[in-house]
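This report describes aromatic contacts and a surface patch in one protein structure. Please look over the sequence and the structure before reading on.

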Amino acid sequence: MAQPDIVLAILRIALAVPFWRSGILKWDGFLRLNDTAVYLFSQEFTLHLPGGPYPFPAPEVVAFLSGCGEVVLPVLLVLGLGTRFAALGLFLMTVVIQITVPDGWPIHLTWAAMALALMRHGPGRLSLDHPIARISCSGARPT
């Protein structure tokens, strides 16, 4: 059977890849969004909520935050650093993506399940979180 630590490492990578690929397309340089990203959030994307659809509030801010999250959170996941936090961030992004693109629910459900599994089980031993936790726990023990 598959070793849990290997499964968790693969799960972290599998969740990180689609968000990284989407996020990297939003940038024209360091902290400089491309025009397409802003256009999509201001003209194309809408929130499909009851009584809607509604436009995104502050589309430039939302595009910037989305682009940052889609680049930073996957890197944290792959490294296994702040894994539960990164998985929570990607879970919340998945919820917003689902509200924006309701027909994409099969893949969004998969992303949500991966994020929830990582939030529940953590990153495993093949992560930077693991040695940090060991060091911080050993430092807290009285001698």
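W111 counts as buried, since its relative accessibility is 14% and the cut-off for buried is under 20%. The model discussed here is predicted.

**Aromatic pairs**

Four aromatic pairs turn up in a search of the whole structure. In one of them, the ring centres of F19 and W111 are 5.0 Å apart and the planes meet at 55°, so this pair is tilted. F19 belongs to helix α1 (residues 4–24) and W111 to helix α5 (residues 105–121), so the pair ties together parts 92 residues apart in sequence. F19 is also buried, at 2% relative accessibility.

Another aromatic pair is made by F41 and F45; it is edge-to-face, with 5.0 Å from centre to centre and 90° between the planes. F41 and F45 also belong to a cluster with F56, linked by ring pairs.

The table gives the accessibility of residues from these two pairs.

| Residue | Relative accessibility | Class |
|---|---|---|
| F19 | 2% | buried |
| W111 | 14% | buried |
| F41 | 8% | buried |
| F45 | 28% | partly exposed |

**Nonpolar surface patch**

On the surface, a nonpolar patch is formed by W20, I24, L25, V75, L79, L128 and I132, which together have about 620 Å² of accessible area. Helix α1 and α3 (59–79) are the elements that give two or more residues to the patch. L25, one of the patch residues, sits in the loop between α1 and β1 (27–29). L25 is exposed, with a relative accessible area of 65%.

Conventions. Residues numbered from 1 in each chain as written. Predicted model: local features only at pLDDT ≥ 70, side-chain atom pairs only at ≥ 80, totals over all residues. Heavy atoms only, no water. Phe/Tyr/Trp six-rings, centres within 6.5 Å; stacked < 30°, edge-to-face > 60°. Helix = DSSP H or I, 4+ residues; strand = E, 2+ residues; numbered from the N terminus. Buried < 20%, exposed > 50% of the residue type's maximum accessible area, 1.4 Å probe, protein only. Patch = residues over 30% accessible without salt bridge, like charges linked within 9 Å, V, L, I, M, F, W, Y side chains within 5 Å. Areas by Shrake-Rupley, 256 points an atom, 1.4 Å probe, with all protein chains shown as cover. Salt bridge = Lys/Arg side-chain N within 4 Å of Asp/Glu carboxyl O.
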